[in-house]
Amino acid sequence: MSIERPRGSRAVAAPELPGVDPRAHRLVEARDHSGELRSWHLLDSAPLLAERGVAPRGTLLAVHGNPTYSFLYRSLIREDIPWRVIAVDQLEMGYSERTGQARGLQDRITDLSLLTDALGVRGPVVTVGHDWGGIVSVGWALDNRHDVIGMILTNTGIHQELGESLPKALQLATAPAMLPLSTSVTDAFLRTTVALSRPALPREVQEAYLAPYRGRSRRLGIEQFVADIPASANHPSRATLERLAGGITGMDVPTLMAWGPRDVTFSDRYLRDLIERVPHADVHRFEGASHLVWEDADVAGLVATWLRDTFGDAEHPRDAAGAGEALRPVSSFAEQAPEIHLGEAITRRAQDPATADLPAVVELGARPGESRRISWSLLSERTEDLAAGMRAHGIMPGDRVSVLVTPGADLTAVLYACLRLGAVAVIADAGLGTDGLTRAVIGSHPDWIIGIEKALVGARALGWPGRRISVPQLPTVDRAALDVETSVAELAEEGRQMRALGAGIDAPWPDQDADAAVLFTSGSTGPAKGAVLTHRQMGAMFAAVGDTLDLEADRGLVAGFAPFALLGPALGAPSVVPDMDITRPGDLTAPALAAAVEALGAPAVFTAPAALRNIIDTADQLDETGRAALARVPSFFSAGAPIPAPLLRELRGVMPGARALTPYGMTECLAVAAIDLEGIEAAGDGPGVCVGTAVPRTEIAIAVMDGEGATTGEITTDPDRTGEILVRAPHVRDRYLMLWGTTARASRFEGWHATGDVGHLDPAGRLWVEGRTAHVLATAQGLVTPVRVESAAESVPTVRRAGAAAVGPRGTQQVVVILETQDGYRPGKARTPHPAENALQEAVRQAVAQATGIEVAAVFTTASLPTDIRHNSKIDRAALSAWSEATLQGRKAPAL
């Protein structure tokens, strides 16, 4: 296509742009692919590095997509990135020349190579790309691979299958009638792209994106970019796209992929394709971020960490390539951990005549006579049948299988069948809520989904990836509607027949260092994260929990927190889930708990912390049989949040013979420390909640914090030093799934997992937890942890629970306390807080000042504090701080 060359087409100096040092602007001339001399605008950090006396360790060559320009990469020019940043405005875009010539994909790659030749850019180079600039950057990397030591790709795509629909946003934009109208005649395409960010970009940033595209002649490059999408086989750029899609598989250089999952154009399906082509890539998904991920998240901070971890501080980064290729597992006790083949205990119990017919899983029915008992023998057969049937159906070792099954025999068999054949079980329970579960499933990129009908309906409606298998056998019409291939029952039957012919799973147990499962956190401190555990780590986790809780196989386990039902079979202990809504563990009643206990005789009991109060409050509904059942419970434990001693004492009235144990742990390391009621009473009062001493094969240390709450790098086990809690154990997670930056931060102390919790050790070696590091209050009076403030506030007689919030800049933060009172508490959705009565305000202020020396700025009451869905117990202090800051500034506050 040829158009009239617009006036003023030469590259022009960009105006003052927000967040851009004017010294970084540069105009350069270079020949293009047609031999014409063209003028380019770019951002170049070389002058800024020279002024600081920094010799660059290499070059970051950053290429934007459509319809942005180099402004997108302004955040890369920062002091902790000692690399020369060259961010170009592609020809026809930004402030570069408008040549009047349409440019195809290969033209843009060649033009960029000619520009870098003119600039004298030589290796080491790390390419950076976004949107269609990602494809151009890959092309440059392939054509200049002798200079390339790394690649960074953000929300881009490298391939579009023929016949595969373009994203709806691009279908509309590429329609012949809409193409010029939306891209060049008007600025609709540009404004729509800029508006994708959430929250909305500041007005001055929006104007900066719009500024170089005023007038149709300045926007023709946007139209040409869209027209160059090679969706069809005969498109002029199709061959180049195929070359790049194949060539990237041979780029064996460190690669980082940073992604905004809420992208209406380059969705996770493009990320999955890239991961398949570059399986060694480090991946980080910024939940909540959209197409303009550079605006929505701190991608530049991630890049700074990745460059340092990957290439180190070597004078010549090429020599260090791959040095940080893998973040080492934090386990240092692998030789001490028992090696457990996950599911082996099921086989052992089934083969023992004394236990084969005993119950392994008990499913409680809603009415008497509806309960079901599954023996060890039957569970073993079902698991082996399923493993054989799944393998025959095409589920391969290493495949991710999202398991969306109600706790019971089906869930147990499916999980242990996955573990037997080496598939990676993805466990994200319904306790995350619909939105949280959707983020977890989509974010885990499952190859398969095995689910109940309700889950499969959601998978179809919400576009969850993965081939689908139902738990029940569905009618043909429903199966087709839900895109279901087969059912668990059919797989088990196929496997049974294969085993009868001697063709079952005869492979050895999976390698101990292969991935076993992805366990999702509760999401109480942000979007739920997928913690990846290997078979070795998961086996060590089961052993650690069993040892800590003295779980006796003959007694079994009542799992009042549904995911714990999966623990019993690994240790050869029968398990039962009470009749309860697994999405609301706090609603578990004493009669429901008693019925579950009665089903096993005298089992250990586990519940979520939020359930304790309701169990106590409903104890008067117990009949004689129920009271007798709970009196037989030998041990009770609850994890997910520390349990106050007064609550444990009240619980003795319900389970008088039970040893009340409250472990401290997390999804990443399920058991870290533990303490019983006697231990809590012996520890006495102190700053925070005492959670006891380290469990077997576990070490605890403290990363000391400075006056603003940042860790200093000092690690200590000295008493009374406050800081971030560090853990080292064989059952610590391997990594977080597709959260490279989160893994890096949690692994920043070599050999330790940084928990994100804050606390201290006392002279007896007991750990005291004082909240989350992100919630530490850096006030003018000094550093104070939230639990210290909350514990002081909760000492006021009418206060049921308290949450501490911070307002203002760190170092001078003001403290706000929001309360639930005994009379005003209303469980469920949090309501708008109101100023507390004067007498209550004064009592809380005095209690906090006496305990911490901190002055409280304001005290509010609310019907119920915001907590996580899974445990109903972890207070969302970040939400409290956001609400408090807006309220005290007179702005409309976000809902709690």
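**Rings, a helix crossing and a strand residue**

At 6% relative accessibility, Y270 counts as buried, since the cut-off for that word is under 20%. Keep in mind as we go that this is a predicted model. The ring partner of Y270 is F266, and the two ring centres sit 5.2 Å apart. Their planes meet at 80 degrees, and an angle over 60 counts as edge-to-face, so that is what we call the F266–Y270 pair. F266 is buried as well, with a relative accessible area of 3%.

Now move along to W306 and F311, another aromatic pair that is edge-to-face. Here the rings are 5.8 Å apart, centre to centre, and the angle between the planes is 85 degrees. Both of these residues, W306 and F311, are buried too.

How many aromatic pairs does a search of the whole structure find? The count comes to 11. Ring pairs also do some joining up: Y69, F71, Y95 and Y209 are linked by them into a cluster.

Helix 2 covers residues 105–119 and helix 3 covers residues 132–143. Their axes come within 9 Å of each other and cross at roughly 60 degrees. As for its hand, the crossing of helix 2 and helix 3 is right-handed.

Which residues make that contact? From helix 2 come L105, Q106, R108, I109, L112, S113 and T116. Helix 3 answers with I135, V136, G139, W140 and D143. Sorted by class, the contact of helix 2 with helix 3 has 6 nonpolar residues, along with 4 polar and 2 charged ones.

The last stop is A671, which you'll find in strand 23, residues 669–676. Is A671 buried or exposed? Its relative accessibility is 5%, so A671 counts as buried. Once you set aside the neighbours within four places in sequence, A671 is in contact with V545, T548, Y664, V695, T698 and H731.

Technical notes
Residues numbered from 1 in each chain as written. Predicted model: local features only at pLDDT ≥ 70, side-chain atom pairs only at ≥ 80, totals over all residues. Heavy atoms only, no water. Axes fitted to C-alpha atoms, helices over the stretch in contact; angles between N-to-C directions. Helix = DSSP H or I, 4+ residues; strand = E, 2+ residues; numbered from the N terminus. Left-handed = near helix turned anticlockwise from the far one by under 90°. Contact = heavy atoms within 4.5 Å. Nonpolar A, V, L, I, M, F, W, Y, C, P; charged D, E, K, R; others polar. Phe/Tyr/Trp six-rings, centres within 6.5 Å; stacked < 30°, edge-to-face > 60°. Buried < 20%, exposed > 50% of the residue type's maximum accessible area, 1.4 Å probe, protein only.
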